[in-house]
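Trainee: Could you walk me through this one while I have it open? I would like to go from single residues up to the whole chain.
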Amino acid sequence: MSRKIAVIGAGAAGLMAACAAADAGAEVIVLDKNEKAGKKIYITGKGRCNFTNACEPEEFFPHVFRNPKFLYSAIYDFPPSSMIAFLEENGCAAKVERGRRAFPVSDHASDVTRALTEHLKKHHVPIKLHAEVKEILLAEDPDDPERKKVRGLLLTDGTKIPADAVILAAGGLSYPSTGSTGDGYRMAEEAGLAVNPASPSLVPLVCEETWPLALQGLSLKNVAVTLWEREGKFNKEETPKEGGRKKAKKKKPVYQGFGEMMFTHFGLTGPLILTASGHVDFASHPAGYRLDLDCKPALTEEELYDRIQREFAAAPDRALVHAIRPLFPERLAEQAALLFVQRIRPEADPEEEIRKRAITFNEKERRELAALIKCIPITITGTRGFPEAIITKGGISVKEIDPSTMEAKKVRGLYAAGEVLDVDAATGGYNLQIAWSTGHLAGVSAAEE
């Protein structure tokens with residue numbers, strides 16, 4: 001007799017788990033409290049669905065922020081190439097763009113969901129919508145008195161669904177409008193599994209300074225950022241100057257990256273900032289972080305100083321704010337000029353200072369300008385909330401799960417996959433691939449137990 005498997009959640013991990021279990025010959029049912037399957041898939045990649053990163057497995061793990069070793073079996077068993085092949089075989093042609101990001105050729109996320117649901121239809125797997133799970137039903141395991149075993153599910157309407165195995169793929173807390181409201185964490189805890197605290201990740205950052213807010217909507221390309229932990233408010237002792245540059249003493253940066261970012265009405269966002277957010281932990285570091293923005297990463301500080309010398313020599317009578325405009329987008333030039341004069345002449349009126357002739361700033365001050373352009377400090381005080389977070393950091397502790405099967409060590413027949421696990425990665429298709437790979441491994445393991 002085929003095993004009966006119930007999958008909680010019709011998202012990326014749940015749908016793939018159901019496909020894998022059905023392929024392995026199990027009798028599968030998928031339950032989801034939403035009105036349609038794949039609700040979160042529809043909004044990924046701005047509706048285009050960057051469904052994986054077309055890299056080799058060994059290149060995948062450096063992009064995982066937390067617990068990459070836990071994913072070895074899942075990723076090697078079902079790598080990005082397997083996901084691309086799965087979609088192609090189910091009528092969704094794929095293409096690979098910059099950064100090896102893979103998308104459906106149609107640029108429609110709905111085609112990814114359709115490929116999964118059509119595959120389930122071929123195996124006669126029902127997807128029961130508007131079905132909210134209240135409880136995972138457990139019983140004593142006669143073969144192991146120290147463990148429980150799954151015997152089914154109880155829905156909020158009182159319906160009981162018997163099952164030999166349950167795959168928990170209910171997602172995290174990000175984008176709660178898609179149904180990710182932490183139900184999976186509650187059910188895991190009720191089953192006796194440890195769940196690590198959840199926080200938003202791949203999320204915009206909030207800053208303390210007001211000047212970035214004045215640049216709302218401005219995008220910067222080809223810039224670099226370095227993120228440092230703070231010990232307290234910035235002062236000369238914490239951030240000594242070295243050639244005009246402020247840097248944290250005797251510390252390794254939390255994150256360094258290169259790419260594109262954008263200023264907002266609350267702080268910073270964009271691909272570079274979202275990836276940086278995956279490395280912050282305000283629960284452990286309540287003093288926050290300092291982000292150093294390098295506007296000219298292609299130039300050394302000395303090369304930038306030479307460039308400033310040339311710009312000032314070409315127009316010695318031009319006001320400072322106008323003389324530095326070739327170095328910046330126009331709106332940023334004025335803010336950089338204000339930051340510069342506030343640093344070198346804190347007692348003066350900055351609006352007057354930035355309109356002084358460029359030639360009046362001496363060599364030491366010009367070197368200070370070069371240092372500032374290479375390292376503009378921004379105080380990061382927090383993140384935006386779960387409604388704006390792409391993924392959730394935290395979840396079921398990987399110590400509770402067998403990485404070779406995705407089965408809970410304490411509960412026979414209970415498997416977990418996707419965002420409900422305490423595993424997260426950078427932008428670029430990595431997180432969805434984690435969902436596909438852990439879902440696939442959970443589905444195969446549950447069916448073949």
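Trainee: Where is the place of Cys49?
Mentor: In this predicted model, Cys49 sits in the loop that links strand E2 (27-31) with strand E3 (52-53).
Trainee: Which residue other than glycine has a positive phi near 50 degrees?
Mentor: That is Tyr175, whose phi is near 50 degrees, and which lies in the loop between strand E10 (165-168) and helix H6 (183-190). Tyr175 has a relative accessible area of 23%, so it is classed as partly exposed.
Trainee: What about glycine, then, in the hairpin of E4 and E5?
Mentor: There Gly99 takes a positive phi near 75 degrees, in a hairpin with three residues between the strands. The two strands, E4 (residues 94-97) and E5 (residues 101-104), pair in the antiparallel sense over four bridges, and within that pairing Val96 stands opposite Ala102 in E5.
Trainee: Switching to the barrel: how many strands does it have, and in what order do they run?
Mentor: The barrel is closed and has six strands, running E12-E17-E16-E13-E18-E19 with antiparallel pairing. From one strand to the next, the twist averages 50 degrees.
Trainee: How many bridges join E18 to E19?
Mentor: Five bridges join strand E18 (residues 289-294) to strand E19 (residues 376-383), and the two run antiparallel. If you want a pair to click on, Leu293 stands opposite Ile376 in E19.
Trainee: Which helix lies across E18 and E19?
Mentor: Helix H12 (residues 363-374) lies across both of them, and it runs at about 115 degrees to E18.
Trainee: Back to loops: where is Leu213 found?
Mentor: Leu213 belongs to the loop between strand E12 (205-207) and strand E13 (219-229), and both of those strands are part of the barrel. With a relative accessibility of 29%, Leu213 counts as partly exposed.
Trainee: What is Leu213 in contact with, leaving aside its neighbours within four places in sequence?
Mentor: Its contacts are Cys207, Thr264, His265, Phe266 and Gly267.
Mentor: Ser397 touches Ala194, Val195 and Asn196. Ser397 lies in the loop between strand E20 (391-396) and strand E21 (401-402), and it is buried, with a relative accessible area of 9%.
Trainee: Zooming out, how many helices and strands does the protein chain come to?
Mentor: The count is 13 helices and 24 strands, and the C-alpha atoms fill a box of roughly 85 × 45 × 40 Å along the principal axes. Of the 449 residues in the protein chain, 54% are buried, and among contacts between residues at least 6 apart in sequence, 74% join residues at least 24 apart.

Terms used. Residues numbered from 1 in each chain as written. Predicted model: local features only at pLDDT ≥ 70, side-chain atom pairs only at ≥ 80, totals over all residues. Heavy atoms only, no water. Buried < 20%, exposed > 50% of the residue type's maximum accessible area, 1.4 Å probe, protein only. Contact = heavy atoms within 4.5 Å. Pairing = 2+ DSSP bridges. Axes fitted to C-alpha atoms, helices over the stretch in contact; angles between N-to-C directions.
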